[in-house]
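Visitor: I would like to go through this model with you, one question at a time. Please tell me what the terms mean as they come up.

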Amino acid sequence: MQSMNKPHEACGVFGIYRKDGRHGVIPEAYHALYALQHRGQESCGIAINTNGVITCHKDEGLVNDVFTRSVLEKLPEGRAAVAHCLYGPKSSQNRDHAQPMLVNHRKGALALCNNGVLTNAAKLREELEDQGAIFHTTSDAEIISYLVAQERLSCQCIEQAVANAMDRMRGSFSMVIMSSAKLVAARDPHGFHPLCMGEIDGDIVFASESCALDAIGATFVRDIQPGEVVVVSKEGVKTLHCQRKCDSSLCVFEFIYFARPDSIVEGSSVHTARVRAGSFLALEHPVQADVVIGVPDSGLDAAIGFARQSGIPYGIGFIKNKYIGRTFIQPTQKERANSVRIKLNAVRSTVEGKRVVLVDDSIVRGTTSAHIVSLLREAGATEVHMRLSSPPFTNMCYFGTDIGSVENLIAAKHSTEEICKIIGVDSLGFLNVNHLPYLADHSACGFCKGCFTGVYPEEIPGEKVNPICSRPLPTDETTEDNAQ
């Protein structure tokens with residue numbers, strides 16, 4: 001069950017191309033998906049290019065459920081592959097929405113994997129349907145596939161078709177596309193979501209995060225730039241750009257929560273960024289306390305930073321059960337509360353009789369935070385002071401974070417003092433929005449902070465965006481994993 005109180009990345013994408021024509025890409029695709037599993041747990045898939053013929057296997061479930069040993073043994077080897085793991089809301093949880101998206105068109109076939117949300121999806125879909133297109137899903141990936149196939153009719157090459165399609169798209173997208181002869185990677189003009197390029201044994205790979213490169217022994221080469229199209233073929237690697245103006249606006253929540261701590265995004269360590277966030281919190285919201293603890297997993301790095309800056313000892317405050325099934329059904333509020341107890345247990349020896357600083361990445365509805373605070377109180381904490389390594393969520397996200405409506409956001413309806421009473425803490429401190437650009441000290445990119453400020457890199461849509469392949473914000477009904 002995907003909760004709506006912890007953020008989950010939209011999707012993870014991966015691509016590999018053997019330039020010398022050698023076959024053998026399934027192990028790399030499989031292990032890369034494992035490394036990107038934190039970005040989507042609803043479904044996954046791998047498409048393989050074998051001598052120009054594209055074969056795909058995809059289904060609902062986690063990587064190890066979909067790609068069993070028997071399945072892997074039956075997949076044909078090939079010289080190129082693309083892979084995808086999907087986050088989607090409940091309405092999208094069926095096999096049809098799983099990616100890669102396969103399309104056969106007049107000039108061949110393509111397999112597409114996308115991470116993002118098109119803000120003009122409804123308009124594009126209507127235009128394509130008027131021209132005779134028949135859609136089988138509500139996924140943006142299918143719309144993009146049709147656009148590329150349509151543009152391909154008048155282009156000499158797949159990469160130019162992708163660039164032309166990008167000129168018609170609005171919103172966020174980081175994608176890999178495989179044709180019968182080439183592998184293409186492309187990123188939207190704002191670079192909302194990360195996408196990087198690596199090299200392994202002289203071959204080119206693309207991935208949403210550098211941790212996927214590490215998982216297969218690949219060397220990081222560089223990030224794909226906003227608005228850039230990179231194409232790999234037997235002739236080598238070349239780049240081109242879409243015609244739209246490019247203005248880097250990476251989602252800042254990649255550093256706060258979405259990306260894995262061991263990833264390097266836009267030149268900066270995610271782990272270091274979260275430690276810095278904790279340091280800023282200690283400076284902004286000092287408190288007299290005995291121990292600093294973090295909420296597993298994404299609050300741990302910030303808790304370390306808070307402890308270092310404040311001089312308050314860091315302690316292990318919670319033990320997380322790693323074996324809770326993610327489809328655990330919670331039909332009642334009592335059962336939802338019990339699920340927090342099953343997944344997290346307070347370490348009494350760390351918190352009993354002590355004033356505790358509790359560090360987490362964010363708060364959305366507040367229900368999970370209230371349950372976690374209750375666990376600490378029951379374990380004997382005398383005071384609980386909560387610190388959050390993000391500013392208050394007060395606005396909708398149109399570029400990938402699935403929150404449903406502003407009504408889901410506790411900070412949009414209540415003051416800090418009111419939230420303190422609701423979740424039962426003695427004090428509450430949010431990261432100042434002005435500190436966000438300084439979290440990633442080695443990154444030259446800009447950041448999108450629209451969910452905190454209401455100011456967006458591009459015009460927001462008048463229509464509700466398609467939530468499929470968008471991230472859910474923290475759900476507060478369960479504490480979800482951010483892969484460590």
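Visitor: Over how many bridges do strand β20 and β21 pair in the parallel sense?

Guide: This is a predicted model, in which local features need pLDDT of at least 70 and side-chain atom pairs count only at pLDDT 80 or more, while totals for chains, interfaces and linings use all residues. Residues are numbered from 1 along each chain as its sequence is written, and side-chain values use heavy atoms, with hydrogens and water left out. Helices (H or I, at least four residues) and strands (E, at least two) are DSSP runs numbered from the N terminus, and two strands pair if DSSP finds at least two bridges between them. R355 stands opposite E383 in β21, and β20 (residues 355–360) pairs with β21 in the parallel sense over 6 bridges.

Visitor: Which strands stand at the edges of the open sheet, each with a single partner strand?

Guide: The open sheet has 4 strands in the order β17-β20-β21-β23, with parallel pairing. One side of each edge strand is left without a neighbour in the sheet, because each has a single partner strand, and these edge strands are β17 (291–294) and β23.

Visitor: What angle does the direction of α14 make with that of β23?

Guide: Helix α14 packs on the sheet, touching β21 and β23, where contact means heavy atoms within 4.5 Å. Axes are lines fitted to C-alpha atoms, for helices over the stretch in contact, and angles run from 0 to 180 degrees between N-to-C directions. On that basis, the direction of α14 makes with that of β23 an angle of about 125°.

Visitor: Within what arc do the buried residues of α14 fall?

Guide: Buried means under 20% relative accessible area, exposed over 50%, and partly exposed in between (1.4 Å probe, protein chains only). In α14 (residues 416–423), I419, C420 and I423 are buried. Seen down the helix axis, the buried residues of α14 line one face, because the directions from the axis to their C-beta atoms fall within an arc of 105°.

Visitor: Which residues are exposed on the other side of α14?

Guide: The buried residues of α14 are covered by elements including α13 (367–378), β21 (383–388) and β23 (427–430). On the other side of the helix, the exposed residues are E417 and K421.

Visitor: How far apart are the axes of helix α4 and helix α5?

Guide: Two packed helices are described by the angle between their axes and the distance between the axes. Helix α4 (residues 121–130) and helix α5 (residues 140–152) pack at an angle of about 50°, and their axes are apart by 10 Å.
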